[in-house]
Amino acid sequence: MKLHTRSQAPKEGEAKEVERTEPYVPTLDDYLKFLVDSKHVYEALEDAVNNHADAHPELTAFQNTGLERTLALEADIQYLVQTYNLTRPSVGTMGSEYAKEIRQMIDDDDIPGFICHYYNFYFAHTAGGRMIGKKMSALLLNKHGLEFYKWDGNLNKIKDAVKESIESLAAVWNPEQKAQCVAATAGAFRGGGGLNAYLFGGKSGH
């Protein structure tokens, strides 16, 4: 009986109680912050491929791929603000810092690192991100589907084309550049995970 807790065996229990915490339930404000910060990061990614191709011609292959999300996100942000009478927040710390990191990679000519972040951020959204979208839709939006989770055309074909462009680019990298790309993986996970924290009870940075 000593292995039981006090609540299980009031007279003899000695085991330490395990605190139970309820799972965090995100609010509409949380979701809006997530969308605003996400748009800011996608803007940094899209700006990199659209406005820096003169210095880095290899980025041309990543223009107008069909994965772009900024226009869809702007439509969704406006929808939430207008439909639910919300105040549009400014970009939070997590979004601004991650976008700054992405822009710095371009300034530092770290194309392998940038491509790692590009791949992870876009492709994570097409997988786990869509599952999050369905959950938020059911929980907060009466199952309304946001534009963020819709793509023009066949998504699998779009992804395959982008993967092919990445593989073609990586094929001409030297060992040092390939190592740079791999080394950026942890930062890519950290950046994307930081935005998801809005939906799972993390510090918002707003």
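Ring pairs join Tyr42, Phe62, Tyr98, Phe114, Tyr118, Phe121, Tyr122, Phe148 and Tyr149 into a cluster. The model is predicted, and the structure contains 11 aromatic pairs. Two of these pairs are described below: tyrosine 31 with phenylalanine 34, and tyrosine 98 with phenylalanine 121.

**Tyrosine 31 and phenylalanine 34**

- The rings of tyrosine 31 and phenylalanine 34 form a stacked aromatic pair, with 6.2 Å centre to centre and 10° between the planes.
- This pair counts as stacked because planes under 30 degrees apart are classed in that way, and the angle here is 10°.
- Tyrosine 31 and phenylalanine 34 lie 3 residues apart in helix α1 (residues 28-51), so about one helical turn separates them.
- Tyrosine 31 counts as buried, at 0% relative accessibility.
- Phenylalanine 34 also counts as buried, at 6% relative accessibility.

**Tyrosine 98 and phenylalanine 121**

- Tyrosine 98 and phenylalanine 121 form an edge-to-face aromatic pair, with 5.8 Å centre to centre and 65° between the planes.
- This pair links distant parts of the chain, as tyrosine 98 belongs to helix α3 (residues 93-107) and phenylalanine 121 to helix α4 (residues 111-126), 23 residues apart.
- Tyrosine 98 is buried, with a relative accessible area of 3%.
- Phenylalanine 121 has 10% relative accessibility and therefore counts as buried.

**Place in the cluster**

- Tyr98 and Phe121 are among the residues that ring pairs link into the cluster.
- Other members of the cluster include Tyr42, Phe62 and Phe148.

Note on methods
Residues numbered from 1 in each chain as written. Predicted model: local features only at pLDDT ≥ 70, side-chain atom pairs only at ≥ 80, totals over all residues. Heavy atoms only, no water. Phe/Tyr/Trp six-rings, centres within 6.5 Å; stacked < 30°, edge-to-face > 60°. Helix = DSSP H or I, 4+ residues; strand = E, 2+ residues; numbered from the N terminus. Buried < 20%, exposed > 50% of the residue type's maximum accessible area, 1.4 Å probe, protein only.
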